[in-house]
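Keep the structure open while reading.

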Amino acid sequence: DPPEKILALGNSGFFLYVGVLEEHKGIRELLEGFSRNDERLVIVGKGSMEGWLKGEIEHRKLSSRITLAGWKDSVWPYLAAADALVVPSIGPENYPMVALEALSVGTPVVCSDVGGTKEIAEMVGPGLVIPFGGLVEGIAKIAKPSLDRERVRAVFRSNFTKELYIPKYLELA
């Protein structure tokens, strides 16, 4: 569940990646896709690809649109301000917590079809899952989802609150 009070970030109108900066997370594909469009991207995270990513952003002259924000103790302000969270994993994800956190504040999730994240995105609506074989092209064509944020929050509240999710989980255990 989101905190009761989330500090305002001060800007919006961007796509967001939150996570470790590692190969299996689709970092190369993320950068390549966003290098082919005009959208803004904020990347929050750290990892072994941080230096490479910083160098590529500078080399490709993308720093006016792509911000490498580093690791943050709280990502809630970013999640609340983003147009969508992008989860471009090329390795199977189970159910990334950040995707559920995004939904909890009304931010839709755009993801690859690798792993369980697609199940989260598909609950919100069509067109949010990018096939793995066309990941770079799909990211290049990314556009702000035209989804009502309250509808996205409703998906979270009807499926993922602790009160609903934990009993369902324990039934399966």
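V86 counts as buried because its relative accessibility is 2%. The model is a predicted one. V86 is found in strand 4. Leaving aside neighbours within four places in sequence, V86 is in contact with F15, L16, Y17, L30, F34, V110 and I142. E58 is 28 residues from V86 along the chain, and their C-alpha atoms are separated by 21 Å.

Strands of a sheet pair through backbone hydrogen bonds, either parallel or antiparallel.

Start with strand 4, residues 84–87. Strand 1 pairs with strand 4 in the parallel sense over two bridges. In this pair, L16 stands opposite L85. Strand 4 also runs parallel to strand 5, and three bridges join them. Here L85 stands opposite V109 of strand 5. Two bridges then pair strand 5 with strand 6 (residues 129–130), again in the parallel sense. C111 stands opposite V129 in strand 6.

Strand 5 (residues 109–112) is covered on both faces. V109 and C111 are buried on one side, V110 and S112 on the other. In a regular strand the side chains alternate between the two faces of the sheet.

**Crossovers**

Helix 4 (residues 97–104) forms a right-handed β-α-β unit with strand 4 and strand 5.

T117 is found in helix 5. Is T117 buried or exposed? T117 counts as buried, because its relative accessibility is 1%. Leaving aside neighbours within four places in sequence, T117 is in contact with V87, E93, N94, P96, A99, V109 and C111.

**Helix 1**

Helix 1 spans residues 27–35. Its buried residues are I27, E29, L30, L31, G33 and F34. What covers these buried residues? The cover includes strand 1 (15–18), strand 2 (41–44), strand 3 (66–70) and strand 4. It also includes helix 2 (50–59) and helix 6 (135–140). L30 and F34 are also among the contacts of V86. An α-helix has 3.6 residues a turn, so residues three or four places apart point the same way.

**Salt bridges**

How many salt bridges does a search of the whole structure find? The search finds eight. Side chains of opposite charge can pair when their charged atoms come close. The table lists some of these bridges.

| Salt bridge | N to O distance |
|---|---|
| E32 and R36 | 3.1 Å |
| R60 and E56 | 3.0 Å |
| D83 and K144 | 3.9 Å |

Take D83 and K144, whose side chains meet in a salt bridge. D83 lies in the loop between helix 3 (76–81) and strand 4, and K144 in the loop between helix 6 and helix 7 (149–159), so the pair ties together parts that are 61 residues apart in sequence. D83 counts as buried because its relative accessibility is 13%. K144 counts as exposed, at 56%.

Salt bridges that share partners join E32, R36, E56 and R60 into one network. E32 is partly exposed at 22% relative accessibility. R36 is partly exposed at 48%. R60 counts as partly exposed, at 31%. E56 is buried because its relative accessible area is 18%, and the cut-off for buried is under 20%.

**A nonpolar surface patch**

Which residues form a nonpolar patch on the surface? They are Y165, I166, Y169 and L170. Together they have about 420 Å² of accessible area. Y169 is in helix 8, residues 162–172. Y169 counts as exposed because its relative accessibility is 52%, and the cut-off for exposed is over 50%.

Conventions. Residues are numbered from 1 along each chain as its sequence is written. This is a predicted model: local features need pLDDT of at least 70, side-chain atom pairs count only at pLDDT 80 or more; totals for chains, interfaces and linings use all residues. Side-chain values use heavy atoms; hydrogens and water are left out. Patches are made of residues with over 30% relative accessible area and no salt bridge: like charges are joined within 9 Å, nonpolar side chains (Val, Leu, Ile, Met, Phe, Trp, Tyr) within 5 Å. Accessible areas come from the Shrake-Rupley method with a 1.4 Å probe; for residues, only the protein chains shown count as cover. A salt bridge is a side-chain nitrogen of Lys or Arg within 4 Å of a carboxyl oxygen of Asp or Glu. Helices (H or I, at least four residues) and strands (E, at least two) are DSSP runs, numbered from the N terminus. Buried means under 20% relative accessible area, exposed over 50%, partly exposed in between (1.4 Å probe, protein chains only). Two strands pair if DSSP finds at least two bridges between them. A crossover is right-handed if, with the strands pointing away from the viewer, the path from the first strand over the helix to the second runs clockwise. Contact means heavy atoms within 4.5 Å.
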